[in-house]
Amino acid sequence: MNKTTPSPSPVPKASPGSKPSPSPTAGTKRKRNAAAKYYAVKAGHKPGIYYGWNDCLAQITGFKGAIFQSFPSQEAANAFLNGTKPPVESQSSENTRFYGIQRGRVTGVYTDWTTAQEQIRGFPRPRYRKFSTREEAEEFVREGQTQPPVGFGVATGPHGLTTEKPKDAEGVEFAPGEGPLPKGAEDGFDPNVILDPATGKVVYKTAPQMAATKTQSTGIPGMLRIYTDGSSLRNGTPLASAGVGVYFGPGDSRNVSEPLKGSRQTNQRAELTAILRAIDIAPRHRDVTIITDSRYSIDCVTVWFINWRRNNWMTRDKKPVENKDLVESILVKIEERNDLKVKTLFEWVKGHNKDPGNEEADKLAVDGAQRGVSAKVGALHVAQEVPDELFDEDF
């Protein structure tokens with residue numbers, strides 16, 4: 001029998017931590033006689049100049065519209081960040097190509113095809129293009145962010161039921177479950193799609209199914225159960241990457257599968273991040289039960305934090321508490337829900353024990369970790385030249 005653990009009583013809001021400045025990567029090995037590179041992150045988690053690609057990658061992974069570029073000198077990198085003209089001696093004589101990713105895993109402007117390709121490979125209906133200047137590429141990316149989808153037809157039924165299938169700005173029909181929510185949809189669910197039990201895929205409802213859809217109750221919704229999980233791959237290697245998985249249900253647009261952000265790629269941080277993402281996405285008016293196979297995460301936010309706070313976030317061994325930033329962020333979210341008289345409960349489930357929800361969350365987390373590994377693999381070839389014929393002009 002699963003044990004449900006209530007969330008802690010309201011706690012004082014955590015104060016924001018100090019923001020460390022970017023620092024060089026210790027122990028980074030370069031090829032013999034290879035020229036030094038400076039990675040300028042103009043739009044990312046922590047903009048600045050980084051001296052190692054892995055540090056740069058940590059700032060752009062998961063950041064929508066990331067803007068970054070490598071330079072042969074720090075002066076040129078600074079000029080890029082400040083929007084000034086770079087020194088003449090720093091300008092490269094090579095014909096740099098700029099790849100604008102308008103629709104992909106991490107949208108933004110890239111200067112190497114290997115990294116850009118990771119953002120579009122396997123992504124449904126990606127949109128990207130090559131440009132000769134960064135300004136053109138950035139404008140292309142911005143256009144994708146400012147052009148809203150055409151959306152659905154006029155609602156003809158309760159709670160967002162429509163007569164037309166959604167289309168993007170170019171009139172291309174969205175795949176079932178991937179388009180924008182129709183006007184009037186409740187609780188993040190699209191009433192125009194359904195899970196086909198025969199194929200396990202999300203499909204649009206047929207006309208008879210649309211007609212048979214019952215009006216949902218207008219009463220207070222019940223408990224929302226969300227499965228979370230974390231995964232870590234290639235531990236102990238330069239490719240070590242963790243992933244986050246959040247599972248609301250089959251075909252649910254709120255499901256999360258993403259690489260863990262930051263330089264500390266551990267399973268515990270992935271587990272805690274998944275819980276934080278679930279609470280952040282869940283409707284604020286709904287009682288929620290977070291179901292996880294991480295006893296560590298549950299104990300952090302329901303039991304251990306009490307003594308940690310009393311001891312100024314130090315352990316019994318007088319060492320700083322690991323993952324304090326994530327634990328405090330979760331506690332703040334729980335307190336906000338407590339103020340609204342909304343429950344946040346936690347339930348432990350044994351991992352890899354054929355629990356359907358846990359298995360789905362695990363798949364999402366593993367997929368996120370694999371994408372993180374792929375991004376780092378691609379980074380190893382960041383300086384390689386890519387023939388023009390491998391990149392079409394427009395997609």
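Residues are numbered from 1 along each chain as its sequence is written, and side-chain values use heavy atoms, with hydrogens and water left out. Since this is a predicted model, local features need pLDDT of at least 70 and side-chain atom pairs count only at pLDDT 80 or more, while totals for chains, interfaces and linings use all residues.

**Exercise 1. Work out the strand order of the open sheet and find which helices pack on it.**

Step 1. Get the elements: helices (H or I, at least four residues) and strands (E, at least two) are DSSP runs, numbered from the N terminus. Two strands pair if DSSP finds at least two bridges between them.

Step 2. Walk across the sheet: six strands, in the order β3-β2-β4-β6-β5-β7, with mixed pairing.

Step 3. Zoom in on one pair. β4 (residues 66–71) runs parallel to β6 (residues 108–110), joined by two bridges; A66 has G108 as its bridge partner in β6.

Step 4. Angles run from 0 to 180 degrees between N-to-C directions, with axes fitted as lines to C-alpha atoms (for helices, over the stretch in contact). Helix α1 (residues 53–60) touches β2 (38–43), β3 and β4, at about 10° to β2. Helix α3 (residues 113–120) lies across β5 (98–103), β6 and β7, at about 10° to β5.

**Exercise 2. Is Y227 buried or exposed, and which residues is it in contact with?**

Step 1. Check its accessibility. Y227 has a relative accessible area of 15%, so it is buried (buried is under 20%, exposed over 50%, partly exposed in between, with a 1.4 Å probe and protein chains only).

Step 2. Skip neighbours within four places in sequence, and the contacts of Y227 are G245, V246, Y247, I291, D355, G357, N358 and A361.

**Exercise 3. Describe how α6 and α8 are arranged.**

Step 1. Apply them. The axes of α6 (residues 267–281) and α8 (residues 324–339) come within 10 Å and cross at roughly 20°.

Step 2. Classify the angle: under 35 degrees is roughly parallel, over 145 roughly antiparallel, 65 to 115 roughly perpendicular and the rest oblique. α6 and α8 are therefore roughly parallel to each other.

Step 3. List who meets whom: residues including L272, I275 and L276 in α6 meet residues including L326, I330 and I334 in α8.

Definitions and conventions. Contact means heavy atoms within 4.5 Å.
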